[in-house]
Amino acid sequence: MAARFDQESYEQVKGKPAKPMNTKGIPVSRWIDGVLEDKAKIAQKDNVRAMVFWGHVPNSQTRGPEMKTAMEKLDLLVVIDPYPTVSAVMHDRKDGVYLLPAATQFETYGSVTASNRSLQWRDKVIEPLFESLPDQTIMYKLARKLGFGEQLCKHIKVNNDEPLIEDITREFNKGMWTIGYTGQSPERLKLQQKNWHTFDFTSLEAKGGACNGEYYGLPWPCWGTADMKHPGTPNLYDMSKPVAKGGLTFRARFGVEHNGVNLLADGVYSKGSEIKDGYPEFTADMLKKLGWWTDLTAEEKQLAEGKNWKTDRSGGIQRVAIKHGCAPFGNARARSVVWTFPDPVPIHREALYTSRRDLVSKYPTYADRKSFYRLPTRYASIQAKDYSKDYPLIMTSGRLVEYEGGGDETRSNPWLAELQQHMFAEINIVDANNAGIKHGDMIWVESPEEGGRIKVMAKITQEGMAPGVIWMPFHFGGHFQGRDLRSKYPTGSDPYILGEACNTAFTYGYDSVTQMQETKVSLCRISRA
Amino acid sequence: MARMKFLLDAKRCIECNGCVTACKNENNIPWGVNRRRVVTIDDGSPGERSISVACMHCSDAPCKAVCPVDCFYVTDDGVVLHDKDICIGCGYCFFACPFGAPQFPKDGAFGDRGKMDKCTFCAGGPEPDNSAAEYQKYGRNRLAEGKLPLCAEMCATKALIAGDGDTVADIYRERVAYRGAAGLSWGWGTAYGGRQRRARGVDNKTSSQD
């Protein structure tokens with residue numbers, strides 16, 4: 001396999017040359033730069049030449065006009081989604097675009113995770129409509145075409161190209177020790193699904209019945225193997241409960257000391273802990289030193305030898321640590337100084353495009369970076385230029401309750417679409433009157449440099465927005481710089497409501513750690529259309 | 001016999017439009033017809049308040065009183081319904097209704113005066129319960145299935161409550177007891193003159209609810 005990857009070195013990691021497969025890839029927010037940036041300036045062999053949009057919409061990302069150019073420069077563009085999405089229409093490609101219909105959540109079954117760390121089992125409501133296939137089937141077929149279908153499903157039964165979902169859940173149960181994604185077996189999740197009525201709405205704990213003492217969704221960390229029957233952790237770092245009952249300490253994630261300061265907990269520990277102080281992450285050696293090694297079974301000992309709580313595939317180290325009231329990942333202090341971040345403690349840095357030039361010298365942004373996630377990334381060179389004369393208004397964006405994400409799904413739902421029929425910009429009455437704009441007028445919102453111009457409806461407000469700031473929702477799509485793209489959707493698949501994507505007008509700017517795109521602060525000017 | 005009522009607790013409504021969406025989906029209501037609507041007052045300003053409004057199923061319903069063809073009837077549960085086969089789409093009920101409940105679909109040759117459509121408290125119409133004809137004209141008959149209106153069943157914050165007036169009152173009374181203050185329902189100030197009294201400087205203590 002390794003031979004098929006780029007073997008050159010473009011970046012140094014810890015002072016040594018690093019192969020691309022061992023360096024961080026280009027994040028989704030920057031894919032357009034992977035396509036458009038000069039090849040000599042990026043830390044990989046070639047530009048990005050193919051894009052697969054899988055359950056992702058382009059209108060949640062900024063720099064619309066450049067994105068359109070990047071889409072048109074690609075060799076191949078694939079959209080895997082229940083809806084065509086804006087990816088299908090915003091470019092003017094004539095060839096090399098494939099729309100692969102993916103099944104919705106109602107057309108498949110299996111375990112699903114929510115952002116509250118809990119998992120639940122769901123049932124299939126209807127068979128997949130038309131030619132759509134569930135994601136796992138598409139993934140298997142793609143892997144097979146690329147030549148590693150068998151490796152992907154080595155431990156997963158495959159029926160008619162569909163990997164067995166129970167086996168997929170078991171597969172991650174086997175490996176994800178670091179976050180305790182291991183105890184939620186398909187059998188335990190299905191049992192909870194049958195016993196919904198026994199869970200308390202407030203505490204999420206089952207009172208009696210087949211799941212007695214478990215928390216709904218077995219929120220991770222749900223330590224050890226499923227046989228250990230850990231109830232899940234409803235609240236992180238709750239030391240008032242034993243770890244075996246869902247209690248937890250802070251993880252010893254960052255070593256035991258930094259610059260001579262002890263990082264472990266000082267005299268505090270979770271209820272029932274036999275170690276009455278801070279302690280590091282559990283390892284096989286630590287169990288031996290504590291005299292707890294003999295608590296492991298012969299089988300566990302074999303797999304646990306020389307390992308730690310996250311590499312021991314038997315789960316024995318986790319089991320024994322918890323048996324003695326300890327958290328497998330140690331007991332440390334919360335870290336509020338992140339010494340690995342550009343700003344160890346968050347400080348204000350003025351936006352790249354700002355109308356407050358007086359704040360730039362006091363709160364300057366970062367220096368430009370040559371290679372950050374393989375790409376040159378600009379900060380100071382953008383902030384240096386004053387755009388506020390031509391673009392005096394601050395532009396920000398957000399969400400509407402009726403729509404979700406890029407909105408392709410929700411704008412295709414008649415009940416929701418009826419409630420929000422126009423893409424709009426919310427403007428303070430002072431700015432509106434200064435620009436001669438009335439409520440309901442169509443206006444142009446234009447932003448500097450790489451930002452585009454968008455035609456939207458004006459919503460005038462007295463107090464909703466402060467003077468000098470305009471706000472737009474980001475769920476619209478299907479119009480591009482004044483052009484209605486409805487005719488470009490495959491017949492019958494166009495959403496009820498189309499509109500300009502506000503991110504078409506949003507400009508350059510990326511987070512200094514994650515490269516999250518800047519969708520909250522830029523500059524613009526407005527005029528009647 | 002039950003006496004069916006809606007109650008909207010304005011302290012809890014978050015303007016999510018879940019009730020509107022539930023109603024439209026359950027009863028298959030066309031675009032442009034809104035049996036239920038969320039009205040937001042002072043949107044974006046301090047004191048903003050939302051209420052969800054539909055037919056209130058009045059005891060002495062003005063729509064029924066003024067209908068020239070007498071198409072309205074009241075069920076044993078106190079639900080105000082009408083017969084679309086008798087309705088002439090004149091819109092007189094719309095004049096009479098204090099809540100803007102009657103809706104007029106825009107289909108047909110003469111624009112916007114089709115047969116009147118309104119909230120049925122999910123109780124269908126004169127056709128046999130849960131028949132295809134009933135569903136086609138009036139939507140779902142949930143009461144006949146032993147269920148309450150879906151708008152209230154779906155309300156995430158339980159701001160909208162539907163059911164027998166006695167039960168609804170019990171729930172609201174308990175809430176008010178928990179909150180430790182009375183008179184927080186929408187319209188209280190209007191009904192008891194809070195705004196006028198404040199304007200005259202008579203009562204400065206009254207909360208700024210409405």
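Let's start with the largest nonpolar core: 59 residues, of which A425(A), I427(A), I470(A) and C524(A) touch the most other members. By nonpolar core I mean buried Ala, Val, Leu, Ile, Met, Phe, Trp, Tyr and Cys residues joined through C-beta atoms within 7 Å. Buried means 20 or more other C-beta atoms within 10 Å of a residue's own, exposed means 12 or fewer, partly exposed is in between, and C-beta atoms are placed from the backbone.

Strand β17 of chain A, residues 453–461, gives the most to this core, with four residues. Strands here are DSSP runs of E, at least two residues, and helices are runs of H or I, at least four, numbered from the N terminus.

A word on the source. This is a predicted model, where local features need pLDDT of at least 70 and side-chain atom pairs 80 or more, while totals for chains, interfaces and linings use all residues. Residues are numbered from 1 along each chain as written, with chains lettered from A and ligands numbered from 1 in written order.

Now the backbone. Most residues other than glycine have a negative phi, and most peptide bonds are trans. Where is P221(A)? In the loop between α6 (186–194) and β10 (257–258) of chain A. A cis peptide bond joins W220(A) to P221(A), with omega about 0°.

T85(A) has a positive phi, near 65°. T85(A) sits in the loop between β4 (76–81) and β5 (97–101) of chain A. Buried or exposed? T85(A) counts as buried, because it has 28 C-beta neighbours inside 10 Å.
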